[in-house]
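Here is a short report on one chain. Sequence and model come first, and the text follows.

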Amino acid sequence: MVFYQPLILKNLAEICAAMGVGPTQVREWAEMGAPIAMDGRGSRTRYSAEMAELQQWRVSQARGDDHARQ
């Protein structure tokens, strides 16, 4: 039996490093509906995401899947 342990990216820097992009791109993804949790406002906004879920969203975006743009 195989178990999957979620990899939680706990802040903007971790998301950027894991996805190979900069902070502006992560913010744009969040505005587009990516599975990125945001808490707070402005410079105090905290970000988090689950790695596999975010990667799946990116693949869906690249393919142009309609459900990924919700």
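In strand β3, Y47 is the bridge partner of M38. The model is predicted: local features need pLDDT of at least 70, side-chain atom pairs count only at pLDDT 80 or more, and totals for chains, interfaces and linings use all residues. Residues are numbered from 1 along each chain as its sequence is written, and side-chain values use heavy atoms, with hydrogens and water left out.

**Sheet**

D39 also has a bridge partner in β3, namely R46. In total, 4 bridges join β2 to β3, and the two strands run antiparallel. Strands pair here if DSSP finds at least two bridges between them. β2 and β3 form a hairpin with 6 residues between them. In the turn, G40 has a positive phi of about 100°.

β1 pairs with β3 as well, antiparallel, over 2 bridges. I8 stands opposite E50 of β3. The 3 strands make an open sheet in the order β1-β3-β2, with antiparallel pairing. β1 and β2 are its edge strands, each pairing on one side only.

| Strand pair | Bridges | Sense |
|---|---|---|
| β1 (8–9) and β3 | 2 bridges | antiparallel |
| β2 and β3 | 4 bridges | antiparallel |

**Overall layout**

The chain has 3 helices and 3 strands. From the N terminus on, they run β-α-α-β-β-α. Helices (H or I, at least four residues) and strands (E, at least two) are DSSP runs, numbered from the N terminus. The C-alpha trace spans about 40 × 30 × 20 Å along its principal axes.

Of the 70 residues, 27% count as buried. Buried means under 20% relative accessible area, exposed over 50%, and partly exposed in between, with a 1.4 Å probe and protein chains only. The chain exposes about 5200 Å², and carbon and sulfur atoms supply 51% of that area. Areas come from the Shrake-Rupley method with a 1.4 Å probe; for residues, only the protein chains shown count as cover.

A contact means heavy atoms within 4.5 Å.

The chain carries 8 positive and 8 negative side chains. The centres of the two sets lie 6 Å apart. Lys and Arg count as positive, Asp and Glu as negative; His and the chain ends are not counted. Each charge is placed at NZ of Lys, CZ of Arg, CG of Asp or CD of Glu.

**Helix α2 and its cover**

Which residues of helix α2 (residues 23–32) are buried? They are V26, W29 and A30. Seen down the axis of α2, these residues fall within an arc of 100°, so they line one face of the helix. The arc is that of the directions from the helix axis to the C-beta atoms. An α-helix has 3.6 residues a turn, so residues three or four places apart point the same way. The face turned away from the buried side carries the exposed residues T24 and E31. Cover for the buried residues includes α1 (12–19), β2 and α3 (51–63). Just after α2, G33 takes a positive phi of about 105°.

W29 lies in α2. W29 counts as buried because its relative accessibility is 8%. Leaving out residues up to four places away in sequence, W29 touches M19, V21, A34, I36, L54, W57 and R58. The C-alpha atoms of W29 and L54 are separated by 9.6 Å, with the two residues 25 apart along the chain.

I36 is found in β2 (residues 36–39). I36 counts as buried because its relative accessibility is 10%. With residues up to four places away again not counted, I36 touches partners including I15, V26, A30, Y47 and L54. A49 is another of its contacts. The C-alpha atoms of I36 and A49, 13 residues apart along the chain, are separated by 4.8 Å.
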